[in-house]
Amino acid sequence: MDLISRIGQHFEDSARTKLEALELLAAPIAGAIETMVGALVNNGRILACGNGGSAGDAQHFAAELVGRFEAERQGLAAIALTTDSSILTAVGNDYSFDLVFARQVQALGQPGDVLLAISTSGNSGNVIEAIRAAHEHDMRVVALTGRNGGRIGEMLKDDDIHICVPAQRTARIQETHLLTIHCLCDGIDCLLLGVEE
């Protein structure tokens, strides 16, 4: 096995996936940035959720907003719904694992807030339930998916934003999701701080 060639192929595939997605994803990413900034300047917050690697992405996004991305600024209101083990295990045990995010959206979400819902397949049951709860609370949804968007793509409303990575491999979708998250963080800072570079 030639590990160097195999590693090189991963780099090439990742770069190709991102470049091929650019034209399709740039406009919805820009729309998501504007939606999120609109919520934040009106004292709203962004709730983020996902499973596995997508849970890590939700936490990464919240950390960049509450802390900082690249520019110094005040902390911004973002909460990862993936981090409180007591809530996750209590809701999972007392109700259902499908409700671990939805119950938090119901408890914390307000009209005008945004839910960042991340699912590489678009079919994660607990993310779907979180989106349902967000809609019930007059929240907008920004969904990061892949492949064909799955059931999440079918349930989004006209004023929601769907960022669907046109790839089949989970790793390539996740890598593009991370780039998208960095674009969201950078764009939020640019609009809030007036950064031109």
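Which residues does F61 touch, not counting residues up to four places away in sequence? The legends below begin with this residue. The model is predicted, so local features need pLDDT of at least 70 and side-chain atom pairs count only at pLDDT 80 or more, while totals for chains, interfaces and linings use all residues. Residues are numbered from 1 along each chain as its sequence is written, and side-chain values use heavy atoms, with hydrogens and water left out.

**View 1. Contacts of F61.** F61 touches M36, I46, A48, L116, I181, L184, C185 and I188, contact being heavy atoms within 4.5 Å.

**View 2. The largest nonpolar core.** This core has 33 residues; a nonpolar core is a set of buried Ala, Val, Leu, Ile, Met, Phe, Trp, Tyr and Cys residues joined through side-chain atoms within 4.5 Å. Buried means under 20% relative accessible area, exposed over 50%, and partly exposed in between (1.4 Å probe, protein chains only). M36, F61, L65, L116 and I188 have the most contacts inside the core. Its largest share, nine residues, comes from α1. Helices (H or I, at least four residues) and strands (E, at least two) are DSSP runs, numbered from the N terminus.

**View 3. Helix α5.** Spanning residues 125-136, α5 reaches 17 Å from its first C-alpha to its last, close to the 16 Å expected at 1.5 Å a residue, that is, 1.5 Å times one less than its number of residues. Among its buried residues are V127, I131 and H135. Their cover includes β1 (46-49) and α6 (150-155). D138, which follows α5, has a positive phi, near 55°.

**View 4. L22 in helix α1.** L22 lies in α1 and is exposed, with a relative accessible area of 53%.
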